[in-house]
Amino acid sequence: MTILAELELQSFVLLRLGERRFAVPARQIAELVAPSRVFRFPHRTPKLEGVILRRGRIVPVCDASEMLLGKRLTSRRFYLIAVRNYGTQKEWVAMPVTGDCELITAEMMAASESDAPHVAGWLSHDGDVIEVLNLDTLTPGPEQAIVEAAGPQAAEAQP
Amino acid sequence: MRVAVPVKASSAKTEQIILFRVSGQLFAVSSASVQEVRSADSMSGAATEITVPGLRKVRQVLRRGDRSLFIVNGAMHFGLHAAEGALLFVLRKTRTALLIDGIEKMTAMTRLQALPLSFCHEERRWYRGLTALDQTVVPVVHPEGFLSPEELALLDAALLESDNTAAAVPEEADSAQ
C-alpha cells in the first residue's frame, strides 16, 4: 500500500536577520513598516526596546536578534508587526528585521523535541533549511516572567 | 502648594494629567492623584532619615501627626541615573511623597492604553498604562506602584525600631544622672 503524504502548503513571510533567514506564518503578520521612532521608558523586561506608534496603537518593539543570532543587530530595515498570542488575548508586537522580506508558499515540517522552543517548524526554500519562528516563545510575556522569577538572577532595569 | 481636586471634565473620556520629569524621562500622573506639590528644599527640615537595607530609593520620611509619608526617589525607583529631585508630589491615598525633577505641564489625555502584555515585570505595577500625546508616548504612573505592601512593611518596621531607639536614649540619659 502506498501512502501519499498530503501536502499542506502554507504562506510564510521570510525575514532576514543579519546573515540568516527565518520564517513566520503569514497569517500571523499584520504588516511590514519602515522603522519609526522608538519611544523608550523605564521597564525591567529584557528584549523589549520600547514602543512605536502605529495606526493609533502603541506597539512594543521586541528585538529577537540576540536570541536568534547570539549578537544584537543595530541596523534595521523594517519592523515586522506580528500578532502575538497571550492565552486568549492577541496583541501586536514589532520585530526589527535587517533585510528584505519575501512571501513564499511552502510546506512546514514539524519541530522535534530536540529543537529550541522558539522553533515552530522547518521549511525548505531555495536550497536552505529555514526555521519557522514561534513568536509566542520568542517574545516576552507573562509566561516568561514566571520562568525568570524562578531563576536566580533578577532582571536589570532597562533605560 | 496644595493641589485642589480637579473638577470632573465635561467629557467623560478625558483625564487631567501632570507631565513631569525624572532624570530627564517624561512621565504622567493623574492630577487627581496629586494631593500636594512641594519644593524638596521646603520639606528637608521636616524630614527625618530612614535606612532600610535593600531599599535605597527611600531615605527620608515625613511625619504628619500620626501619619508617615515616605519620600521615594523617582530616579532610583525607575532605575534611572540618580538625580537630585527638586519637587515632591504628595500622592493622594498613598504613603508616598515622590521626588521628581520638575513639572513639564498640565494637560488632558483622551485615551489610556493598557501596558502591552509583553511588558511583564515590575513595570506592570509601576504604570496604569501608556498614552500618546503630541506624537509622543508617555507612561502614566500608578500612584500606589511606588511602594509595594512588602516595602511598606519594611519601612514601618524600620520606623518603629528608630522610634524605640529614640525613646530609649532619654531613659538611659535619665538613669545615668
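Arg63(B) counts as partly exposed, at 39% relative accessibility. On the scale used here, buried means under 20% relative accessible area, exposed means over 50%, and partly exposed is what lies in between, taken with a 1.4 Å probe and protein chains only. This is a predicted model, so local features need pLDDT of at least 70 and side-chain atom pairs count only at pLDDT 80 or more, while totals for chains, interfaces and linings use all residues; side-chain values use heavy atoms, with hydrogens and water left out. As for labels, residues are numbered from 1 along each chain as its sequence is written, and chains are lettered from A and ligands numbered from 1 in the order in which they are written.

What does Arg63(B) pair with? Its partner is Asp163(B), and the closest N and O atoms of this salt bridge are 2.7 Å apart. The two sit in distant parts of the chain, 100 residues apart: Asp163(B) belongs to helix H4 (residues 149-176) of chain B, and Arg63(B) to strand E5 (residues 58-64) of chain B. Asp163(B) is partly exposed too, at 33% relative accessibility. Helices (H or I, at least four residues) and strands (E, at least two) are DSSP runs, numbered from the N terminus.

## Salt bridges in chain A

A salt bridge here needs a side-chain nitrogen of Lys or Arg within 4 Å of a carboxyl oxygen of Asp or Glu. Over all chains, that rule gives 20 of them. One joins Glu31(A) to Arg54(A), with 3.1 Å between the closest N and O atoms. This pair also links distant parts of its chain, with Glu31(A) in strand E3 (residues 29-33) of chain A and Arg54(A) in strand E4 (residues 48-54) of chain A, 23 residues apart. Glu31(A) is buried at 13% relative accessibility, whereas Arg54(A) is partly exposed at 27%.

Asp63(A) and Arg76(A) make another salt bridge, at 3.6 Å from N to O. These two are 13 residues apart and both come from loops: Asp63(A) from the one between strand E5 (57-62) and helix H1 (65-69) of chain A, Arg76(A) from the one between H1 and strand E6 (78-86) of chain A. Asp63(A) is buried, with a relative accessible area of 6%, while Arg76(A) is partly exposed at 23%. The pair belongs to a network of salt bridges that also takes in Arg40(A), Glu49(A) and Arg72(A).

E4(A) runs antiparallel to E5(A), and 6 bridges join them; strands pair if DSSP finds at least two bridges between them. Arg54(A) has Arg57(A) as its bridge partner in E5(A). The two strands form a hairpin with 2 residues between them, and Arg55(A) in the turn has a positive phi of about 50°.

## Pockets and a cavity

The largest pocket holds about 310 Å³ of space. It is lined by 17 residues, and those closest to its centre are Gln60(B), Ile71(B), Asn73(B), Glu84(B) and Leu99(B). H1(B) provides the largest share of this lining, 4 residues. By class, the lining has 9 nonpolar, 4 polar and 4 charged residues. Ala, Val, Leu, Ile, Met, Phe, Trp, Tyr, Cys and Pro count as nonpolar, Asp, Glu, Lys and Arg as charged, and the others, Gly among them, as polar. The second largest pocket has about 260 Å³ of space. Of its 14 lining residues, Arg44(A), Arg56(B), Lys57(B), Met76(B) and His77(B) are the closest to its centre.

By the rule used, there is 1 cavity of 30 Å³ or more. Its lining includes Asn73(B) and Leu99(B), along with Val22(B) and Asp101(B). Helix H2 (74-78) and strand E8 (96-100) of chain B are the elements that each give two or more residues to this lining. On a 1 Å grid over the protein atoms alone, a cavity is a set of points where a 1.4 Å probe fits but cannot get out, and a pocket is an open set with protein on both sides within 12 Å along at least five of seven lines; lining residues have an atom within 4 Å of a point. Grid points are joined across faces, edges and corners, and a volume is the space filled by probe spheres set on the points.

## Confidence in chain A

Helix H3 (residues 142-150) of chain A is lowest, at a mean of 65, and strand E2 (residues 20-25) of chain A is highest, at 96. Where pLDDT is low, the predicted coordinates should not be read in detail.

Key. pLDDT is the predictor's confidence in each residue, from 0 to 100.
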